Amino acid sequence: MNLQDIIVEAEGGQQMLLNMGPQHPSTHGVIRFLVKADGEVISEAIPVVGYLHRGIEKIAESMPYAGFIPFTDRVDYLAAMFCNHAFVTAVEKLLGLEVPRRAEYLRVIADEMNRIASHLIAVGSMAMDIGAYTPFLHGIREREIINDLTEMLCGGRLTYNYMRIGGVSRDLPDGFLKRLKGFLDRFDPGFINEFNRLIGGNEILVRRCAHVATIGADEAMDMGLAGPNLRASGVSWDLRRDMPYSCYPDLEFDVPVGRGFRGSLGDSYDRFMVRILEMSQSARLLRQAIEKLPDGDIQAKAPRKIKPPAGESYGAVESARGELGFYLVSDGGETPLRLKIRTGSFSAMWAIHRKSAGCMLADLVVLLASADIVAPEIDR
Amino acid sequence: MNVYAQTLMEWLKVPEAYLVYVRIGVFFVYALVALTFGALFAGVTSWYERRVAARMQSRIGPNRVGPQGILQWLCDGVKCFLKEDLVPKEADRPLFRLAPYPVFIGIVSTFVVLPFSATVVGSDLNVGLVYLIAITALVVAGILMAGWSSNSKWTLLGGVRSAAQMVSYEIPLALSLLVVVVPAGTLSLQGLIRFQGGAPWNWLVFQSPMTFVAFFLFFTSALAEGNRTPFDLPEAESELVAGYNTEYSGLRFLFFFFAEWMNLYVIGAIVTAVFLGGWRIPGVAWQRQAGSPLLELVGFALYLAKSLVVVNVIIWLRWTLPRLRIDQLMKMCWKYFVPIGMVSIVLSMLFTALVTAVPLLGRITSIGLLVLGGLIGAALLRRTAYAFSSFPDKPYFKWMV
Amino acid sequence: MGSFGKYFRNIRNSAGSILDGMAVTLSWMFRRPYTIQYPDRIGRPVQDLIAPRFRGLLEVALPLCTGCQLCQRTCPIEVILVEVKKGADGNRYLTRFDIDVSKCMVCGLCAEACPTGAIRHTREFEMSCDDIRKLVLHYVTEPVLPYKPSARIDAAAVPPVGSIVKRLTRDRHAPYVPYVPVEPPSAEAPPTREGKP
């Protein structure tokens with residue numbers, strides 16, 4: 001499908017070809033959409049990706065394993081801990097390394113904090129795209145507290161470089177747990193209830209999101225969706241519970257599943273609410289992890305120069321945007337032979353392409369926002 | 001204004017033949033003053049809105065340029081003046097250059113009938129309300145011109161949406177004003193204000209259940225006319241970048257924006273004049289007010305205060321609510337507002353007939369509606385108290401930060 | 001009748017949720033804003049507000065540097081340039097330690113790799129200037145003998161964290177002065193123990 005062909009085809013017919021270009025306030029990054037519209041109603045929205053391609057997978061082929069971890073941060077900078085985690089899991093599987101219990105708990109604490117931060121931006125920017133600017137800033141305000149916490153922990157506020165092959169890099173500083181508990185007491189249920197009162201239950205938002213771009217359960221699985229997008233369509237699948245990794249088997253949590261809260265099952269409002277409910281569950285996980293945190297090492301004895309034996313492995317975590325998987329092929333050398341990253345946003349692009357038919361222009365914005373895509377994850 | 005022309009004539013001892021020229025002079029001065037007032041209001045409101053919006057979002061707004069940032073709008077204005085005058089290459093040049101002016105003129109011309117106090121009004125037309133609705137229709141023309149001439153599909157969409165929205169919402173606007181005209185019996189704004197009293201139970205908003213409904217109807221329709229959230233789809237940032245004024249920069253852009261902010265004052269002024277008692281002082285007859293400059297000044301201050309309250313509510317709504325989609329907007333207009341407006345007019349006629357027969361009914365209804373209004377306000381305050389108590393941050397009233 | 005009820009229930013639901021939202025925004029209007037008015041209205045240096053582990057600009061405490069070049073090897077993007085040359089008297093001398101701040105992604109791998117903690121992150125971040133060449137910080141201005149880990153060193157000899165990079169970045173708005181490479185001492189010039197950058 002060639003750009004010229006699309007233009008010629010559209011100009012021949014009765015439809016407008018709109019270009020929701022790479023620079024656009026609501027495409028959550030640099031993504032381009034060619035929208036074929038008949039006035040307000042869209043017949044197809046063709047995504048054109050690649051504007052943010054940085055060749056991260058190619059860079060990995062010339063980077064030692066330990067040095068590649070800062071690059072994984074940039075794959076999805078809003079949920080960077082998950083990217084770190086998935087990569088080191090893949091390498092540890094190849095090496096056959098066992099991570100100490102304390103390091104696993106620290107990883108989970110970092111992951112869940114990051115999940116809350118990422119979801120705050122997701123629901124906040126969804127509200128912002130729909131026109132309510134205030135909830136986004138309230139979400140940012142709460143996220144600043146999480147940023148301060150991660151700054152205390154590892155020194156970074158957005159790109160953490162926290163996990164290492166075999167564990168994590170630093171142990172908790174003094175005052176961290178107290179501050180985290182303070183944040184949790186403030187956040188859940190206080191902030192979440194207030195957020196729901198401000199915008200979650202707002203009639204106008206419900207009208208904008210309900211029955212928009214409904215994705216059924218079978219359809220969602222066919223399209224390869226994962227994460228909150230999949231769960232909002234009614235499929236109860238969560239890697240933390242169904243393919244457990246790290247210390248999740250010891251922790252108790254629910255997996256929120258969409259059920260047509262105010263519209264139909266699998267519409268945009270379900271995706272919105274599933275993220276808000278997931279934030280609550282993350283807070284619950286954090287409280288348990290703080291309580292059960294064991295003592296011990298934070299890093300296993302990994303060799304100085306990491307040269308995994310030849311083979312392949314796949315390390316996946318349940319990121320804020322879906323399943324984030326690193327497929328690693330090693331030939332025994334210092335650098336990987338091939339690294340492939342599977343991200344949730346890339347699968348969501350296909351869903352957006354399919355589901356945009358029949359939407360209005362305003363609905364396309366809601367669909368984009370509810371799928372919670374970030375451009376760096378799509379293009380890597 | 002005629003009164004002032006007359007007094008000026010006598011003071012200057014100008015012969016009668018030249019009355020016309022004195023009148024033109026007085027009108028010219030009044031237009032200048034009103035325009036300045038409108039422009040100043042627009043500028044200061046832009047600063048004020050940014051400060052209020054920022055405090056709602058846990059941040060401080062502009063507070064550096066001048067004391068508390070009050071000169072920020074001046075700097076923004078000067079910046080826009082100095083920008084390059086860009087006209088897109090394929091755009092329709094004459095239309096593109098012409099488009100901001102109907103928008104601006106449409107809004108500014110409403111200052112002719114807006115009263116500021118008992119005797120200070122440009123020209124108290126006896127079809128004042130009809131004039132208002134008609135002259136603001138110029139804005140539609142301007143927006144359509146802007147959307148079309150920018151030669152961009154996005155602006156075209158924005159312009160067409162906006163035109164459809166504004167034209168549709170003029171109907172509930174007119175209907176809700178008619179609901180109020182029935183008991184008052186006059187279309188002129190000064191007449192409406194004189195019909196009301198100063199005390200809240202004498203305001204037209206509490207006069208009958210129909211006028212109460214008409215107040216909300218008018219307020220919402222005026223928001224839609226002014227392209228304010230929740231009806232700002234035509235200028236929705238996230239969808240159309242800026243809708244019909246995407247391609248405008250510099251001074252032309254400023255015209256559009258000044259028109260929008262000036263419109264805030266116009267909405268506030270009309271709502272106050274028609275529903276909230278205008279410049280009436282509680283317990284003072286309007287004739288006495290017209291005679292005494294001091295009372296007129298007090299009336300003006302009251303009028304301004306009430307308009308500012310309405311402007312505050314508009315700003316508050318903008319930063320709380322998301323926006324409606326175009327078809328939901330239209331549905332609301334045609335399926336909810338127009339039927340309610342029409343039914344209200346008929347019921348208002350019946351009610352007025354009833355009240356002429358039984359005046360006590362009017363009194364009771366006013367007090368009852370005042371209580372209802374108080375209950376709604378109390379519900380809001382109760383929810384605010386709950387919001388304060390359910391989150392650890394304490395109240396903090398310092399605004400000069 | 002059901003649709004009538006639905007009509008009015010719609011209106012009441014909308015009004016209720018709008019009032020709720022307005023109450024929340026009103027309550028936040030009268031709460032303290034969270035903005036920190038950097039840089040002039042904070043009351044104390046901004047570095048005090050930052051956590052100690054914050055990964056800001058890198059600096060090198062030359063008294064502790066052993067010249068092992070581990071940081072240079074660990075850096076994924078080759079930001080650090082360390083040169084160790086033999087002087088006329090047969091000793092190794094540190095003659096160059098450049099950190100390219102314009103490329104550094106403050107990942108912290110070098111600081112972790114350093115065996116003595118010579119290269120470390122500071123809480124400084126104010127480095128903006130008008131010439132990209134000024135963003136390469138040259139920490140060695142005269143040849144320095146590397147630190148021998150067996151030797152004793154007084155803690156007071158190590159400058160406090162942040163002071164070195166602060167001194168280097170203080171003149172960043174002055175015009176650019178090209179870097180003059182440092183040569184190891186020849187037989188005439190006596191060596192110094194620690195260069196004062």
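**Helix packing, domains and chain contacts in a predicted model**

Biologist: At what angle do α3(B) and helix α12 of chain B pack, and which word describes that angle?

Modeller: In this predicted model, α3(B) and helix α12 (residues 251–275) of chain B pack at an angle of about 140°, and their axes are 8 Å apart. Angles over 145 degrees would count as roughly antiparallel.

Biologist: How is chain B divided, and how far apart do the centres of its domains lie?

Modeller: Domain 1 of chain B covers 1–82, and domain 2 of chain B covers 85–388. Taken over C-alpha atoms, the centres of these two domains lie apart by 20 Å.

Biologist: Which element gives the largest share of the side of domain 1 of chain B that touches domain 2 of chain B?

Modeller: The contact between these domains takes 18 residues from domain 1 of chain B and 18 residues from domain 2 of chain B. On the domain 1 side, the elements that give two or more residues are α2 (19–56) and α3 (72–81) of chain B. The largest share, 13 residues, comes from α2(B).

Biologist: How far apart are the centres of the two domains of chain C?

Modeller: Chain C is divided into domain 1 (1–31) and domain 2 (51–169). The distance between their centres, taken over C-alpha atoms, is 60 Å.

Biologist: Which residue in β3(C) is the bridge partner of C:Val82?

Modeller: β2(C) and β3(C) run antiparallel and are joined by bridges. In β3(C), the bridge partner of C:Val82 is C:Phe97.

Biologist: How are α7(A) and α12(A) oriented to each other?

Modeller: Helix α7 (residues 176–200) and helix α12 (residues 268–292) of chain A have axes 10 Å apart and pack at an angle of about 165°. Their crossing is left-handed. Angles over 145 degrees count as roughly antiparallel. The pair α7(A) and α12(A) is therefore roughly antiparallel.

Biologist: How many nonpolar residues does the contact of α7(A) with α12(A) have?

Modeller: Residues of α7(A) in this contact include A:Leu177, A:Leu180 and A:Phe187, and those of α12(A) include A:Ile276, A:Met279 and A:Ile290. By class, the contact has 3 polar and 3 charged residues, and its nonpolar residues number 11.

Biologist: Which elements of chain B give two or more residues to the side that touches chain A?

Modeller: The contact takes 30 residues from chain A and 27 residues from chain B. The chain B side has 13 nonpolar, 7 polar and 7 charged residues. Elements giving two or more residues to this side are α8 (153–184), α11 (237–240) and α15 (326–357) of chain B.

Conventions. Residues numbered from 1 in each chain as written. Chains lettered and ligands numbered in written order. Predicted model: local features only at pLDDT ≥ 70, side-chain atom pairs only at ≥ 80, totals over all residues. Contact = placed C-beta atoms within 7 Å. Helix = DSSP H or I, 4+ residues; strand = E, 2+ residues; numbered from the N terminus. Nonpolar A, V, L, I, M, F, W, Y, C, P; charged D, E, K, R; others polar. Domains from an automatic or database assignment. Pairing = 2+ DSSP bridges. Axes fitted to C-alpha atoms, helices over the stretch in contact; angles between N-to-C directions. Parallel < 35°, antiparallel > 145°, perpendicular 65-115°, else oblique. Left-handed = near helix turned anticlockwise from the far one by under 90°.
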